[in-house]
Amino acid sequence: MTSSLETEPVSYPPAEEFAATANAGSELQEAADADRLAFWATQANRLHWHEQWTEVLDWKGADSDYIAKWFVGGKLNVAYNCVDRHVIDGYGDQVAIHWEGEPGDSRELTYAQLLAEVSRAANYFTEIGLTAGDRVAIYMPMIPEAIVTMLACARLGLIHSVVFAGFSSSALRQRVDDAEARLVVTTDGQWRRGKPAPLKAAVDEALAKGEHSVEHVLVVRRTESEVVWTENRDVWWHDTVANASDQHEAQPFDSEHPLFVLYTSGTTGKPKGIVHTSGGYLTQTSYTHHYVFDHKPGKDVYWCTADIGWVTGHSYIVYGPLSNRVTQVVYEGTPNSPDEHRHWNIVEKYGVSIYYTAPTLVRTFMKWGRQIPQAHDLSSIRLLGSVGEPINPEAWRWYREVIGGNKAPIVDTWWQTETGAIMMSPLPGVTSTKPGAAMGPLPGISAKVVDENGVEVVLGETEANGYLVLDEPWPAMLRGIWGDTERYKSTYWDRYAEQGWYFAGDGARIDVDGAYWILGRVDDVMNVSGHRISTAEVESALVGHHSVAEAAVVGATDATTGQSIVAFVILKASSEANDELTSELVAHVARDIGPIAKPKAIHIVPELPKTRSGKIMRRLLRDIAEGRDLGDTSTLVDPSVFESIREKSAN
């Protein structure tokens with residue numbers, strides 16, 4: 001059977017029709033190349049500043065513990081930029097949020113209504129004594145009040161810490177304690193696959209142990225679930241915020257005033273509280289949303305399927321989009337509740353034109369079959385986005401063909417919680433795209449691929465994989481780890497301290513055409529007989545086989561080769577597991593990448609272990625491959641999945 005990689009185009013040039021009206025043109029890169037700081041000043045001026053800055057960038061590297069200051073002396077209000085100014089400019093009646101609840105209920109919020117809701121919340125937060133710099137923990141599902149709370153915090157200079165509503169009470173407690181939050185905002189429960197699940201109960205459990213800083217718990221009624229009530233601490237949103245005044249004047253804050261702390265898992269130790277500030281972060285999220293998604297205010301309907309518990313939800317549901325006067329869909333539920341048609345029904349209902357999701361979900365759609373999206377009119381979609389991990393070429397092509405009608409450009413975005421905003425992506429209408437490639441740094445961003453000694457890899461040598469570093473500061477960069485300067489320096493800067501480069505923790509390569517390929521986390525780059533092989537590359541090869549729906553690859557310790565490649569594979573419903581197929585998959589990988597990449601073992605399993613955010617837990621698969629006891633499985637959607645994996649892999 002001929003591989004689709006041999007028959008499909010290697011590169012997809014921009015369509016002339018799309019390029020003719022694209023927000024981005026070649027002049028964007030030219031301006032950034034001519035004067036990078038002047039370029040960022042231009043992007044910052046897309047926002048409203050109460051007071052203009054005196055210096056674009058103050059960067060002293062190691063001499064200031066790698067803390068940058070952008071738009072020094074400038075003052076702005078993030079919420080004003082996301083809401084007020086659009087109302088003042090006459091767009092108060094434009095829909096800001098089409099909200100779709102999982103049980104099928106829906107709400108619309110115009111910009112004028114959003115401003116009123118944010119003002120009410122800000123007034124109540126002031127009433128209970130919160131002042132600029134105080135921390136607020138947000139532990140909520142995807143409902144409008146979650147976004148309102150974030151914006152109300154931004155309006156008052158409060159620092160929000162959003163905790164994903166799928167996290168356990170202990171994870172919540174850890175984050176509340178580290179940030180020393182004074183207020184927790186939550187709901188009575190959340191809808192998950194048609195059933196209400198408790199949420200406030202986890203807050204109660206988190207706050208039941210020992211001393212903590214929380215003075216108030218504000219509860220939104222969502223599922224009508226019974227809740228335990230703590231007098232003088234717990235209050236209902238509808239009894240408090242809903243009755244507050246809808247008039248509030250936003251005050252400006254320094255460009256470097258902290259906006260939020262968002263916790264991300266470390267390879268060891270407690271989660272890292274990533275700190276982002278106001279002016280630089282909003283500048284870059286606004287800029288990237290405008291150009292990467294080619295967003296046309298008042299014309300497009302945008303949908304980012306992320307959760308606000310993750311940085312994608314912060315940057316590309318709340319701050320970037322709203323600063324650009326977006327009309328967007330916000331969905332509370334899962335993609336298969338009540339059935340697998342859910343996303344495409346929503347696309348049809350609202351005429352979604354820009355759709356931004358994760359490769360994991362694309363592969364899930366592939367597994368369910370193209371007949372599901374093909375039962376819907378998806379002609380409104382004009383641009384597709386990918387985020388969260390490298391997307392394998394087979395899924396990229398399926399996404400373009402089945403969801404994008406073979407016409408919508410795909411922006412495959414690379415960035416991190418730490419970078420705050422998109423760093424690498426094709427520019428639609430400008431960049432020719434390669435399936436699976438991030439293509440290159442955006443205008444204004446500078447990156448290199450280097451070896452362990454900081455020497456740049458040779459352009460076009462596909463074997464010369466290296467490490468991705470960022471060699472110039474960028475506006476949305478993190479401003480440290482909350483309360484732990486030393487950990488910040490050791491995690492991100494020590495590896496290339498001599499050069500003063502930020503180490504992203506990802507492997508990468510640049511091909512003969514100058515396209516960047518992200519190879520995944522360094523722990524996900526295997527060393528087999530001295531050859532660095534990306535787990536993503538092997539996974540892409542496996543998923544490129546017509547029998548495979550999804551694959552996860554790990555490197556297992558091997559006495560001969562250092563590491564050997566072990567694959568865990570889910571088959572499509574039409575395929576049957578047998579020794580012949582396993583041998584065929586090994587040969588397929590050897591053909592696609594080379595004999596050095598042949599898996600030593602392929603285990604055909606019914607499911608893969610995934611966190612609630614959809615990430616495959618390769619660390620735990622590595623434990624299985626090496627016969628170790630499993631580590632912590634508390635963040636998995638279904639910890640029992642390991643029983644079936646162990647059973648299948650033992651055969």
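Modeller: A strand here is a DSSP run of E with at least two residues, and strands are numbered from the N terminus. The model is predicted.

Colleague: In which strand does Arg521 lie?
Modeller: The residues 516–521 form an edge strand, which pairs on one side only. Arg521 lies in that strand, β24.

Colleague: Is Arg521 buried, exposed or partly exposed?
Modeller: Buried means under 20% relative accessible area, and exposed means over 50%. Arg521 has a relative accessible area of 39%. That value falls in between, so the residue is partly exposed.

Colleague: Which residues does Arg521 contact, leaving aside its neighbours within four places in sequence?
Modeller: UniProt, in an unreviewed entry, lists Arg521 under "binding site", with Gln416 and Asp506 among the other positions. Both of those residues are in contact with Arg521.

Colleague: In what order do the 4 strands of the open sheet run?
Modeller: The pairing is antiparallel. The edge strands are β21 (447–450) and β24. From one strand to the next, the twist averages 45°. The order is β21-β22-β23-β24.

Colleague: Which residue in β22 stands opposite Lys448?
Modeller: β21 pairs with β22 (residues 466–470) in the antiparallel sense, over 4 bridges. In β22, the residue opposite Lys448 is Val469.

Colleague: Is Thr417 buried or exposed?
Modeller: Thr417 is another position in the UniProt "binding site" feature of the unreviewed entry. Its place is the loop between β20 (410–412) and β21. Set aside residues up to four places away in sequence, and Thr417 touches Leu262, Thr264, Ile274, His276 and Val311. Its relative accessibility is 15%, under the 20% cut-off, so Thr417 counts as buried.

Colleague: Which residues does Ile372 contact, leaving aside its neighbours within four places in sequence?
Modeller: Ile372 sits in the loop between α13 (359–368) and β19 (383–386). It counts as buried, at 11% relative accessibility. Its contacts are Glu340, His341 and Trp344.

Colleague: How many Å apart in space are Ile372 and Arg628?
Modeller: In sequence, 256 residues separate Ile372 and Arg628. In space, from C-alpha to C-alpha, the distance is 40 Å.

Colleague: How many of the 10 residues of β28 are buried?
Modeller: β28 covers residues 562–571 and is mostly covered. β27 (residues 548–558) pairs with β28 in the antiparallel sense, over 10 bridges. β29 (residues 601–604) runs parallel to β28, joined by 4 bridges. The buried count for β28 is 8.

Colleague: Which residue in β29 stands opposite Val569?
Modeller: Val569 of β28 is the bridge partner of Ala551. In β29, Val569 stands opposite Ile604.

Colleague: What is the handedness of the β-α-β crossover from β28 to β29?
Modeller: The chain leaves β28 and passes through helix α17 (residues 579–592). From there the chain reaches β29. The crossover is right-handed.

Colleague: How many disulfides does a search of the whole structure find?
Modeller: A disulfide needs two cysteine sulfur atoms within 2.5 Å. The sulfur of Cys82 is 13 Å from the closest cysteine sulfur, in Cys153, so that pair is too far apart for a bond. Cys304 is in no disulfide either, as the nearest cysteine sulfur, that of Cys82, is 15 Å away. For the whole structure, the number found is 0.

Colleague: What is the relative accessibility of Cys304?
Modeller: Cys82 counts as buried, at 0% relative accessibility. Cys304 also counts as buried. Its relative accessibility is 3%.

Methods
Residues are numbered from 1 along each chain as its sequence is written. This is a predicted model: local features need pLDDT of at least 70, side-chain atom pairs count only at pLDDT 80 or more; totals for chains, interfaces and linings use all residues. Side-chain values use heavy atoms; hydrogens and water are left out. Two strands pair if DSSP finds at least two bridges between them. Axes are lines fitted to C-alpha atoms, for helices over the stretch in contact, and angles run from 0 to 180 degrees between N-to-C directions. UniProt positions are given in the numbering used here, feature names are shortened, and annotations may be inferred rather than shown by experiment. Buried means under 20% relative accessible area, exposed over 50%, partly exposed in between (1.4 Å probe, protein chains only). Contact means heavy atoms within 4.5 Å. A crossover is right-handed if, with the strands pointing away from the viewer, the path from the first strand over the helix to the second runs clockwise.
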